[in-house]
Amino acid sequence: MQIDYTMWKAIIYKEWIKIRWTAAIFLGLGILVLINILLRIRHDILFVDATNYWYNVLFRGYNYASMLKFLPFLAGLGISAAQYFPETVNRRIKLTFHLPVKESRVLMGMHLFGTGSLLLIYAVWLILFVIISAIYFPPEIMQSTLITIIPWFMGGLATYFMAALILLEPVWLFRVLYALVAYGFITMFYQRAGLAAYLPALPELAVLTVLSSIVVLFSGYRFRKGEM
Amino acid sequence: MRGNHNQRKGMYAIECKNLTHYYGKKLVYENLNFTVEEGKILGLLGKNGAGKSTTINILNGFLHPTAGECLIYGENSQHLTPATKERIGFLIEGHIQYSFMNIHQIEKFYSGIYSRWNSEPYWELMSKLKVTPRQKISSMSCGQRSQVALGLILAQDPDLLILDDFSMGLDPGYRRLFIDYLRDYAKTNQKTIFLTSHIIQDMERLIDDVLIMDYNRILTQQPVNEFMKRFKQFVIRLKNPNADFPKNSLSLNIERTKDRVEFYTYGTLEELKQFLSEHAVEYVSVEQQPLTLEDAFIGLTGKY
C-alpha cells in the first residue's frame, strides 16, 4: 500500500513536470479573458445602459461569454499535447509501460491526472465567471449563459481525450482517421446556437464525453501490440 | 526477492522458445531458441536488420511474436506482472529517458517507483558529469545521457538488465566507461545482462556468452572465451590467383581477394591442410591470424 502510494505520487510528479507550464499559461490566459469580459460588461453597462444590455442578452441572443468559447478547447488540446507528446518522442512511452504497474493502470492514472488538472482550470474559470456574472446579471441570465457555455467545457474535455488517442496512436494513417472522427465529434460541442439551446442535448453530450475518456486505452493497446 | 534470486541461481532469466516473427510477409526469423542463464552477461550480436531490435521488443512486451514465446523469470514477456517488471532494468536504444527532466527530478521520480532504489551508484556517476543541477537531460550530450540512463538502471537495482544497443552514439571513452562500470556492477552483484550492440569493439571486456544472429537464424551461442578459442581465421596465399577455391563443412565463411583467401573455421590447421591437399589446392602459405571479437563476428557473418 505504501509502495503503491509513493509510486502514484511519483507518476503524478512526472505528469506535473510535463504540464505545469502549459497549465499555468492556460489558467492565466483564461483569467485574462475573464477580466476582459468583466471590463467589457462594465463598460457596456456604464456607457450603453443596463436595460438595453440585458435586452440584447435575453432577446437578441447576445452572449457576453463568447470570448471564452474556444478557450476550453485550446486548453484541452494544450494539456493533452504537453502530457502525451513527450511520451511519443522517441517512443518514450516504452519507459512508462515498463514501469512496474499494469500498462492500462498507468495510462489511466496519467489520464486521470490530466483530466483532473483540466477540470481544476475549468473550475477556476467557471467560478470566476459566476462571480462576474453575479455582479451584473440576475440568476436567470446567469443560469442560461452557464448552460450555453457548459458544452464548450465538455468539448474541451473531449478534445483532451481525443488528442491523447491521436498522439499515442503508433500508426500515422490511424492518426489521420482518428483526427477526422475527432473533428466531427468535437464540432458538435461548438455549434452556433442561441442562449441555452444545448439544454436538451446536455445529458447525451455528457455521456459521450465520459465515454471518450477511455479511448486512449485503445492507442495504448495498439502500441503494446507492436503496431507500426 | 533477493533470497528467491539466490535460490534460482543456475536457472534461466530469459528463455525464448520457437520464436518466429514476420513483418507483413517478410520473415525476420523462424523457430529461434535461446536462453540466458542467471548471473551471465549475454551479448546478442548481429548485422543491421538481423532481428536484434525485434528480439528486444518481444522481450519487453512491445511486440507480439507471430509464434513462440519468450519467458522472463518464467513469465511470458507479453504479460509480465509488475513484480517481474520491477526486476528488469531496460535501456532503450539511444539511451532514451524522460529528457524533459533534470538529473534531480528524474532521480526523484524513479526513487518513488522502485522499492529497491539505491541512489548511490546514480549520484556517483552523476558526479563525473559536468552538468548543472538544473540542466535538462535533453540538453546533454549523448555520452552524458548514456551515463544518466546507466545510473538510473543501476540505482533501480534490477536482477536482469536488458540493454538495447547501449553503444549507440557513444565515443570510445564513454563506451569504455559504460562497459567497465557495467561489468564491475554485474559481477559484484550477480546480475544478468542481455545486451545488443552493433559496435563490437570492447565487447570482449563485457560479455560472458555471445549469441550471433544472421538473417533468419542463430549462427552460434556459446561462452565468448570458448568461441574465441575455437573460431579461427586462416589466411591462405594461393599459387594461382585464378584457381577455384572449394567449400565444404569445414569452411564457415570464405572471403577472397585475388590470391589471398581468408578461411574462417572451427577446425584446426591440420584439418585445413588436409582439406587443401584433398582438393589439390596449391598454396604458398597458410597462417592463422589472431582475431578480435569484431574480426570473428565479421568472419562468421560475412562482410556483406
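Helices (H or I, at least four residues) and strands (E, at least two) are DSSP runs, numbered from the N terminus. This is a predicted model, in which local features need pLDDT of at least 70 and side-chain atom pairs count only at pLDDT 80 or more, while totals for chains, interfaces and linings use all residues. Residues are numbered from 1 along each chain as its sequence is written, chains are lettered from A and ligands numbered from 1 in the order in which they are written, and side-chain values use heavy atoms, with hydrogens and water left out.

**View 1. Chain B as a whole, with its 10 helices and 14 strands.** Taken along the principal axes, the C-alpha atoms of chain B fill a box of roughly 70 × 45 × 40 Å. Of its 304 residues, 56% count as buried, where buried means under 20% relative accessible area, exposed means over 50%, and partly exposed lies in between (1.4 Å probe, protein chains only). Among the contacts in chain B with a separation of 6 or more, 70% come from residues 24 or more positions apart, a contact being heavy atoms within 4.5 Å.

**View 2. The disulfide between B:C16 and B:C70.** A disulfide is a covalent bond between the sulfur atoms of two cysteines; here the term is applied to a pair of cysteine sulfur atoms within 2.5 Å. A search of the whole structure finds 1 disulfide over all chains, and the sulfur atoms of B:C16 and B:C70 are 2.0 Å apart. Because the torsion about their S-S bond is about 105 degrees, the disulfide is right-handed. B:C16 lies in strand β1 (residues 12–23) of chain B and B:C70 in strand β4 (residues 67–72) of chain B, so the pair ties together parts that are 54 residues apart in sequence. B:C16 is buried at 2% relative accessibility, and B:C70 is buried at 1%, whereas B:C142 is partly exposed, with a relative accessible area of 24%.

**View 3. The largest nonpolar core, which has 153 residues.** A nonpolar core is a set of buried Ala, Val, Leu, Ile, Met, Phe, Trp, Tyr and Cys residues joined through side-chain atoms within 4.5 Å. The members that touch the most others are A:I11, B:I14, B:F109, B:Y110, B:L163 and B:F194, and helix α6 (residues 139–168) of chain A gives the most to this core, with 16 residues. Leaving aside residues up to four places away in sequence, B:I14 touches B:F34, B:T35, B:V36, B:L59, B:L71, B:I72, B:L160 and B:F194. Apart from this core lies another, of 13 residues, among them B:I236, B:V261, B:F263 and B:L276.

**View 4. Helix α6(A) with helix α8 (residues 202–212) of chain A.** Axes are lines fitted to C-alpha atoms, for helices over the stretch in contact, and angles run from 0 to 180 degrees between N-to-C directions. Angles under 35 degrees count as roughly parallel, over 145 as roughly antiparallel, 65 to 115 as roughly perpendicular and the rest as oblique. The two helices pack at an angle of about 20 degrees, with their axes 9 Å apart, and α6(A) and α8(A) are therefore roughly parallel to each other. The contact brings together residues of α6(A), including A:I147, A:M154 and A:F161, and residues of α8(A), including A:L202, A:L205 and A:T209.

**View 5. Helix α5 (residues 103–136) of chain A with α6(A).** The axes of these helices come within 11 Å and cross at roughly 160 degrees, which makes α5(A) roughly antiparallel to α6(A).

**View 6. Helix α2 (residues 52–59) of chain B and the glycine that follows.** Because 7 of the 8 residues of α2(B) are buried, this helix is largely enclosed by the rest of the structure. The buried residues are B:K52, B:T54, B:T55, B:I56, B:N57, B:I58 and B:L59. After α2(B) comes B:G61, whose phi is positive, near 80 degrees.

**View 7. B:N31 and B:D165, each with a positive phi although not a glycine.** B:N31, in strand β2 (residues 26–37) of chain B, has a phi of about 50 degrees and is partly exposed, at 47% relative accessibility. B:D165 has a phi of about 45 degrees and sits in the loop between β7 (160–163) and α7 (172–189) of chain B, where B:D165 is buried, with a relative accessible area of 6%.
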